[in-house]
Amino acid sequence: MEIYFTKEHEWVKVKDGVASVGITEHAAHQLGDVTFVELPKVGKTVKQFEVLAAIESVKAASDIYSPVSGKVTQVNEALEERPEIVNEAAEDAGWMAILEMADPAELQKLMTRDQYDDYLGSLA
């Protein structure tokens, strides 16, 4: 399974054309305690970098942008009851949506883990 990152602090894990999407540990830490996650509707089609979902915390409200184009096939309904899962495991159990990916070539526009870590270092 490969993982890629955006400059807006979303991640995408890809396996066999299926992409799971969420926000990074860094983003979850910056947001503070997550109080609400607005998930996309199953069946929604998004283009790369379009708004996919939204998240609210005690500090801010933010849009979540889709790292890849595709069709939403599943959402993490657990986040509706327990949005704090994003704080506990942003890059694992805190995933937000699963997409059927439209174009694997889009991954070339994203960062690898090492590139993302370097990007975070440049923000400090």
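Me: How far apart are the end C-alpha atoms of residues 18–100?
Reply: The end C-alpha atoms of that span lie 5 Å apart, and the span is 18% helix and 42% strand (DSSP runs, at least four residues of H or I for a helix and at least two of E for a strand, numbered from the N terminus). This is a predicted model, in which local features need pLDDT of at least 70 and side-chain atom pairs 80 or more, while totals for chains, interfaces and linings use all residues. Residues are numbered from 1 along each chain as its sequence is written, and side-chain values use heavy atoms, without hydrogens or water.

Me: What does UniProt list for residues 18–100?
Reply: An unreviewed UniProt entry gives that range as "domain: Lipoyl-binding". Such annotations may be inferred rather than shown by experiment.

Me: Now strand 2. Which way does it run relative to strand 1?
Reply: Strand 1 (residues 2–5) and strand 2 run antiparallel, joined by 4 bridges (strands pair if DSSP finds at least two). Y4 stands opposite V12 in strand 2. This hairpin has 4 residues between the strands, and H9 takes a positive phi near 70 degrees.

Me: And how many bridges go to strand 3?
Reply: There are 6 bridges between strand 2 and strand 3, also an antiparallel pair. E10 has I23 in strand 3 as its bridge partner. Their hairpin leaves 2 residues between the strands, with D16 in the turn at a positive phi of about 55 degrees.

Me: How many residues of strand 2 are buried?
Reply: 5 of its 6 residues are buried (under 20% relative accessible area; over 50% is exposed, in between partly exposed, 1.4 Å probe, protein chains only).

Me: How many residues are in the largest nonpolar core?
Reply: That core has 30 residues (buried Ala, Val, Leu, Ile, Met, Phe, Trp, Tyr and Cys joined through side-chain atoms within 4.5 Å). Those with the most contacts inside it include V12, I23 and M96. Strand 2 (10–15), strand 3 (18–23) and helix 1 (25–31) are among the elements that each supply at least two of its residues. Another core, of 7 residues, lies apart from it, with W11, W95, I98 and Y119 among them.

Me: Switching topic. How many aromatic pairs are there?
Reply: The whole structure has 2 (ring centres within 6.5 Å; planes under 30 degrees apart are stacked, over 60 edge-to-face, the rest tilted; Phe, Tyr and the six-membered ring of Trp count). F5 and Y116 are stacked, 4.6 Å centre to centre with 10 degrees between the planes. F5 is in strand 1 and Y116 in helix 4 (residues 113–123), so the pair ties together parts 111 residues apart in sequence.

Me: Is F5 buried or exposed?
Reply: F5 is buried, with a relative accessible area of 0%. Y116 is buried as well, at 2%.

Me: What about the pair of Y116 and Y119?
Reply: Y116 and Y119 are tilted, 6.5 Å centre to centre and 35 degrees between the planes. They are 3 residues apart in helix 4, so about one helical turn separates them. F5, Y116 and Y119 make up one aromatic cluster.
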